[in-house]
Amino acid sequence: MISTLLAATVLAAAAEPAPAPAAAPARVAVAELPAILEAVKAPGAQAVLVNVWATWCEPCREEMPDLVRFYRDHRAQGLRLVLISADDDDARDEVARLLGALRFDGPAFIKHGNDMTFIDALDPHWKGALPATFLFDAHGTKKKSWLGSVTYDELRSRVSGLLPRRKR
């Protein structure tokens with residue numbers, strides 16, 4: 001009887017799916033403006049989305065799954081997503097955990113250096129409020145700014161013109 005119960009318990013445990021492994025933290029570099037712009041303008045992308053966010057910014061955290069999903073859905077067409085955290089350097093582990101939980105595998109930075117120089121380099125009309133998303137073409141020319149939250153549908157309507165059409 002005990003061996004039957006033991007066998008039933010083992011079989012029931014084997015039938016349950018194993019818990020998903022915890023996501024590994026993402027790689028996050030603390031970088032100054034030149035290194036960030038180098039990632040934005042690196043060859044190989046048809047379009048580059050740059051999102052500036054922070055772990056303490058609730059709208060930033062709310063839009064992040066849409067940004068990452070849009071990136072995954074379009075990276076095969078040449079989309080690059082560069083995420084830039086406005087958190088302090090000491091928040092690097094938290095930034096890495098959050099992006100790791102989203103399984104983000106693109107370039108991620110914590111901005112270091114002068115805030116106004118960084119802000120003006122991305123968009124002189126931007127005052128630094130978060131979140132902010134910028135669209136660049138393959139040549140590094142800014143095409144669009146979203147100063148505030150952005151949705152998947154907004155991205156699809158504005159980014160698709162810079163990406164080659166998917167083959168059916």
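Since the model is predicted, local features need pLDDT of at least 70 and side-chain atom pairs count only at pLDDT 80 or more, while totals for chains, interfaces and linings use all residues. Residues are numbered from 1 along each chain as its sequence is written, and side-chain values use heavy atoms, with hydrogens and water left out.

The overall layout comes first. The protein chain has six helices and six strands; these are DSSP runs numbered from the N terminus, with helices being H or I of at least four residues and strands E of at least two. Read from the N terminus, the order is α-β-α-β-α-β-α-β-α-β-β-α. Of the 168 residues, 41% count as buried (buried is under 20% relative accessible area, exposed is over 50%, and partly exposed is in between, using a 1.4 Å probe and protein chains only). Take the contacts (heavy atoms within 4.5 Å) between residues at least 6 apart in sequence: 71% of them join residues at least 24 apart.

Now for a pair of helices. Two packed helices are described by the angle between their axes and the distance between the axes. The axes of α2 (residues 33–41) and α5 (residues 115–122) come within 11 Å and cross at roughly 20 degrees, so α2 is roughly parallel to α5. Axes here are lines fitted to C-alpha atoms, for helices over the stretch in contact, with angles from 0 to 180 degrees between N-to-C directions. Angles under 35 degrees count as roughly parallel, over 145 as roughly antiparallel, 65 to 115 as roughly perpendicular and the rest as oblique. On the α2 side, Leu33, Ile36 and Leu37 meet Thr117, Phe118, Ala121 and Leu122 of α5. The residues of this contact split into six nonpolar, one polar and no charged (Ala, Val, Leu, Ile, Met, Phe, Trp, Tyr, Cys and Pro are nonpolar, Asp, Glu, Lys and Arg are charged, and the others, Gly among them, are polar).

How many disulfides does a search of the whole structure find? The search turns up one, a disulfide being a pair of cysteine sulfur atoms within 2.5 Å. The bond joins Cys57 to Cys60, S to S 2.3 Å, and both cysteines are buried. The torsion about their S-S bond is about 75 degrees, so the disulfide is right-handed.

Helix α4 (92–101) comes next. Its buried residues are Val95, Ala96, Leu98, Leu99 and Gly100, and what covers them includes β2 (47–53), α3 (58–74), β3 (79–85) and β4. At 48% relative accessibility, Arg103 counts as partly exposed.

Most residues other than glycine have a negative phi, and most peptide bonds are trans. Arg103, though, has a positive phi, near 60 degrees. The peptide bond from Leu130 to Pro131 is cis, with omega near -5 degrees, and Pro131 lies in the loop between α5 and β5 (132–137).

Last up is Leu163, in the segment after α6 (152–159). With 8% relative accessibility, Leu163 counts as buried. Leaving aside neighbours within four places in sequence, Leu163 is in contact with Gln46, Ala47, His74, Gln77, Gly78 and Leu79.
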